[in-house]
Amino acid sequence: MDRKRLYLGLFVAFVVLIFVFTRFLTGGRSAISAITGLYTEKVNVQEITGDFKPGYVEDNFPAVQNIYQVQDEQQNVIGYGFIVKTSGYNGPMTIAVTVDGYADQVKGIKVLEHVETPVYAEYLSERWFTDRFKGKSLGEYLNLVVLDPENPSDIVQITGATISSQAVVNGVNSAIGAYNYLKNGQRMAAVPAVVDKLIVRDENSFTVHWGTDEFIRITVDELKKHPTVKESTVLMRTSGTRENIVAEGPLLSEVLKRHGIKLADYQGIGVTGRDGYYALMPKELLEKRRIILAHKVNGEEILKEDEPVRVVVPDEMGVYWVRMVSNIDLYSDIAEKDVKSVKIFEPLTRDIEPYLYEYYGSKDEAIEIGKILAKFDNVNTAGFFTMVSSDGLLKNEVINMVRQRYYIKISGEGAPMNIAPNFKLGMNVKNMAYFSTTEDAVIFPQEMQKITGLAELNGQKGMNLHSVLIGVGVITPQDKQFELVNTAGQKIEISGRDLDKCVLVHQGDGKIIAFLQDVNGLVQLDDLLEINELT
């Protein structure tokens, strides 16, 4: 019996040894394969971890797990490979980094494993992101930026995935620090393997603000003490995807009532997430929809990365749904719209140099909204910036927010479309027909005509001017006098009673020709710039 146990024990030990040894070989082969795969030429990869990792590298660049020397077919050392392991938002992340020993540049990187949530970091392994590291100098550490790289060492983050992006940068910086030490003994600053999550605000509570200094803080534990509603709805993203949702949590109106605040007394609310996403809901929406502060979705507690609470607006598009709510602003005064000028986007922005904005792997031309607003005579910051798509989706923003590095994408899929560093794909207003401030509206003819339809005037088919003015929010245009102005400064006046005698014909390149019917026939005004109300 003892001999049988001895044999069984030896057999188990042998199996375990084989398993461990196999895992060791497989891991080593996997790492070598990953590094080899970042070279186009045939190379020989040899591990040198034991010679260099102990000591300075281990103490200052803890993310570095394995170090490899890379040789060409003539056995010349042409670079190094590093397997680094950092910590992202949810957990560990393994990255292969190769460096060119001749050019002193990053040759390439590959994210081998990660446990980040797909909705926030699904693009970590995409080449359009990893290729941003190619050719970066090894002379200095890389720096993560939200938008607009200003220095050669800047890496633009993945939209809405700051911590995950920073984890990759930390990993590459660890390889840079280790490389400089093992090549020439240079001692660079230590690089942590764990991203400083202090940049993530409180995950257990959110604040409600009204006025300048008044606010209350509401914890998740407090929230769960309120009466709960349970509602089945559909999350409809502007990307076209739909997701069935069962949301559970108290109504915002009831939570505020417990604090002596009546939601109906306010003209709108603004909800901001910890990732910077913002949604503004006007009084009209608040009067017809229930706002749920969901702490459960589909019978489960919301995901950790969605904490402390998720705003759910049943029967509304996903642009109004906000994850990881950090604060809710109550607006008592919102300037009413009184649009007095309607401008055409293309001629209005013709002198603004487009920016090549890379957004989820697509680099398209975009124009900064702040530069457009600078062209307006008066911008009331107490009003809304309203965007409307050709399919009727309407989204409001606070003007001071959109003028700070928000863009209108004018080429590529979904254009015209609003984009910003914190705008998740599917939360945009695609195929925008127009946007407006309190007194100005700007139209995109190719989309606007889907709202107004086309009318015919003496053989010319275009948008009826009266329909355009009504469509963008001009109040009782039939009772007013207007002036049409083109880019050459030519002007034509038209009475509100005669607006139906004018059509705006889109030429297909963003330009518009205005045709007006008078007693002598059709009057033509080329390259229309704006229609202004005369006082």
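How many bridges join strand β11 to strand β15? The legends below answer this question and then turn to the whole chain, as seen in a predicted model.

**View 1. Strands β11 and β15 are joined by two bridges.** Strand β11 covers residues 242-249, and strand β15 covers residues 296-297. The two strands run antiparallel. In this pairing, Ala-247 stands opposite Val-297 of β15.

**View 2. An open sheet is built from four strands.** The order of the strands is β10-β11-β15-β16, and their pairing is antiparallel. Strands β10 (229-236) and β16 (300-301) stand at the edges. Each of these two has a single partner strand, so one side of each is left without a neighbour in the sheet. In general, the strands of a sheet pair through backbone hydrogen bonds, in either a parallel or an antiparallel manner.

**View 3. The protein chain contains 13 helices and 35 strands.** Along the principal axes, the C-alpha atoms of the chain fill a box of roughly 110 × 60 × 45 Å. Among contacts between residues at least 6 apart in sequence, 60% join residues at least 24 apart.

**View 4. The surface and the interior of the protein chain are described by its accessible area and its buried residues.** Of the 535 residues, 53% count as buried, that is, with under 20% relative accessible area. The accessible surface comes to about 25000 Å², and carbon and sulfur atoms account for 49% of this area.

**View 5. The protein chain carries 56 positive and 71 negative charges.** The mean positions of the positive and the negative charges are 7 Å apart.

Methods: Residues are numbered from 1 along each chain as its sequence is written. This is a predicted model: local features need pLDDT of at least 70, side-chain atom pairs count only at pLDDT 80 or more; totals for chains, interfaces and linings use all residues. Side-chain values use heavy atoms; hydrogens and water are left out. Two strands pair if DSSP finds at least two bridges between them. Buried means under 20% relative accessible area, exposed over 50%, partly exposed in between (1.4 Å probe, protein chains only). Contact means heavy atoms within 4.5 Å. Accessible areas come from the Shrake-Rupley method with a 1.4 Å probe; for residues, only the protein chains shown count as cover. Lys and Arg count as positive and Asp and Glu as negative; His and the chain ends are not counted. The place of a charge is taken as NZ of Lys, CZ of Arg, CG of Asp or CD of Glu.
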